[in-house]
Amino acid sequence: MDSFIVISLIKIFVVFGALMTILAYLQWVERKVIAHIQVRPGPYRVGPHGLLQPLADVIKLITKEDLVPPYVNKVLYLAAPFLAITMALLSISVIPFGPKIQVAGYQTWMQLTDLNFGVLFILGISSMGVYGIALAGWSSNNKYALLGGLRSSAQMISYELPLSLAIAAPLLISNTLSLRKLVETQDGWLWNWNLFHGFQYVSFVIFIIAAFAETNRVPFDLPEAENELVAGFHTEYSSMKFASFFMAEYANMITVSCMAVLLFLGGWVAPWPAAYGSGYVPVVIFAVAGVITIWRGLNPRRKRDRYTFPPFGVVFLIVAAVFLVPLLQSALLPLFWFCAKTGAILFLFIWIRGTLPRFRYDQLMGFAWKVLFPVAMLNLLATGLAIAVFS
Amino acid sequence: MELILFLVFAGIAVVAAINVVVQRHPISSAVSLIAVMGSLAVLYLLLGAEFIAAAQVIVYAGAIMVLFVFVIMLLNAGGETKAGRSFVASLLGVPVLVALLALLAFFTARIYPRDTEVHFGGFRGGTAQSVGRALFTTYLLPFEITSILILIAIVGAIVLARKELE
């Protein structure tokens, strides 16, 4: 019992620390990727290739003046960012990152806790996350903030329906609500994943679209449409309170990406079994990356590349070597596949932000109710029928 | 541990429920009501009804209360003004309330002894499997009739809300 508490505490610290780091660097990645899509370098001044930019941003946000306007509803104004960030971070607690591993004689799952109804838990938590935004908009006592809050709550209620219906179809196939068992049913080859196995392409696309709307991302970022609404629901927020909303948005992005991976793409499972050499994929990727980086450092196109590239190349090679250690493989390989799949979905988020313009509000609502909802319903019916016929 | 959790969340539920009535501003009342729903969900969880707890959060605390908050925000309703209280109400209010609560507690204790399992008619359990099985076998007819009733309500709402075509 005591060791259980100690292990849980350690796991919570590790997951929380990793999540916070990823949150900070996801923002850096986003700025870099968007910058390159728009043919400009992006953050470049703080550290090599702007790598210390997130740290600088955190210091800036913490040291900024924390202003509470005199006309706000104090209690709800202070509670709203707290609510938003709590609900966003809470759902990471049920997400499994890998199978059971052994650390110094103790067996533990790479997951904080497994609930029998993990999927429902995440849906419930995300539906509570709306309040942070809605109450922030209302309590600011500002018409732009109010309109942003209203838009966001209407949008999230509307898109929660197709989202839930899209989730229901792979759940029918896997026949469980526990996220851990969900992954276990998709073990083995690529075609055992729910996306391919159950022919769930339609619900995957609906899930991704609804996830964009749920996290208020472009092309559905109407709650914070600058040219109509200033900054939307967080107009009146400054310093760490603003940062809470910002972090909540990115944490929600990570959560829905993890959900997409767990529901459709087999979670931490490799695309093909380890017996056919899937364990060597990360080694090859990191070794090739390391060799290319060192080679580019030795034949520099710009003068400074001679000093910045080789250290990164060495780091890549060390990572590649770490993946060869048999003791660490059982933990690192599932983690690699999970991060690779989640990272691919996150990249899709950023890619689409750099590509598509914003929808108009009536188009957004019409699309949810007249297109996504009926299609999700039909897909669920078809999946149910197929399962009833074939099993 | 379970007793402590029960006491904490039952306490939150009662205090928040009283707060719903006491608060003057509709938004504050709505937020208190969300707290009531949330703590009720935890109580369901303590009884082992995990699906019902999740449904409570998703449907009541999530969907329905968001609509409440949404409507209050749209109407931009202000705080209530204090109405003059009648003499009879302030004299009889507290005793009648206490008597009502006492009667409720007494009859609940009489009908359901301490060791009764939680049940709904003949149905026990609260996992997703058991609720689903019960809904689609034993209670199939009431379930379907309820869904048609809700459909009729939606159609009615649309007919009432629709602008007259010219």
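Start where the two chains meet: 21 residues of chain B are in contact with 20 residues of chain A. Keep in mind that this is a predicted model.

**Stop 1: the interface of chain B and chain A**

Show both chains as surfaces. Together, chain B and chain A bury about 1800 Å². Carbon and sulfur atoms account for 83% of that area.

Now look for charged pairs across the interface of chain B and chain A. The rule finds zero salt bridges there. Switch to polar contacts. Here the rule finds three residue pairs across the interface, both residues of each pair at pLDDT 80 or more.

**Stop 2: the chain B side**

Select residues 26-46 of chain B, which form helix 2.

You will find 17 nonpolar residues, three polar ones and one charged one.

**Stop 3: the two domains of chain A**

Select residues 1-61 for domain 1. Then select 64-269 together with 325-390 for domain 2, which the domain assignment gives as two segments. The centres of domain 1 and domain 2 of chain A, taken over C-alpha atoms, are 19 Å apart.

Next, pick out the residues in contact between them. Domain 1 of chain A puts in 19 residues, and domain 2 of chain A puts in 26. The area buried between these two domains is about 2100 Å². Carbon and sulfur atoms give 80% of it.

**Stop 4: a salt bridge to zoom in on**

How many salt bridges are counted between domain 1 and domain 2 of chain A? The count is one. Show the side chains of A:E30 and A:R353, which meet in a salt bridge at 2.7 Å, N to O.

Polar contacts come next. Between domain 1 and domain 2 of chain A, three residue pairs are in polar contact, both residues at pLDDT 80 or more.

**Stop 5: the domain 1 side**

Select helix 1 (2-37) and helix 2 (53-63) of chain A. These are the elements that give two or more residues to the side of domain 1 that touches domain 2. Helix 1 of chain A has the largest share, 17 residues.

Finish by colouring this side of domain 1 by class. It has 14 nonpolar, two polar and three charged residues.

Definitions and conventions. Residues numbered from 1 in each chain as written. Chains lettered and ligands numbered in written order. Predicted model: local features only at pLDDT ≥ 70, side-chain atom pairs only at ≥ 80, totals over all residues. Heavy atoms only, no water. Contact = heavy atoms within 4.5 Å. Buried area = accessible area lost by both parts, 1.4 Å probe. Salt bridge = Lys/Arg side-chain N within 4 Å of Asp/Glu carboxyl O. Polar contact = N/O pair within 3.5 Å; in protein donor to acceptor, adjacent residues only side chain to side chain. Helix = DSSP H or I, 4+ residues; strand = E, 2+ residues; numbered from the N terminus. Nonpolar A, V, L, I, M, F, W, Y, C, P; charged D, E, K, R; others polar. Domains from an automatic or database assignment.
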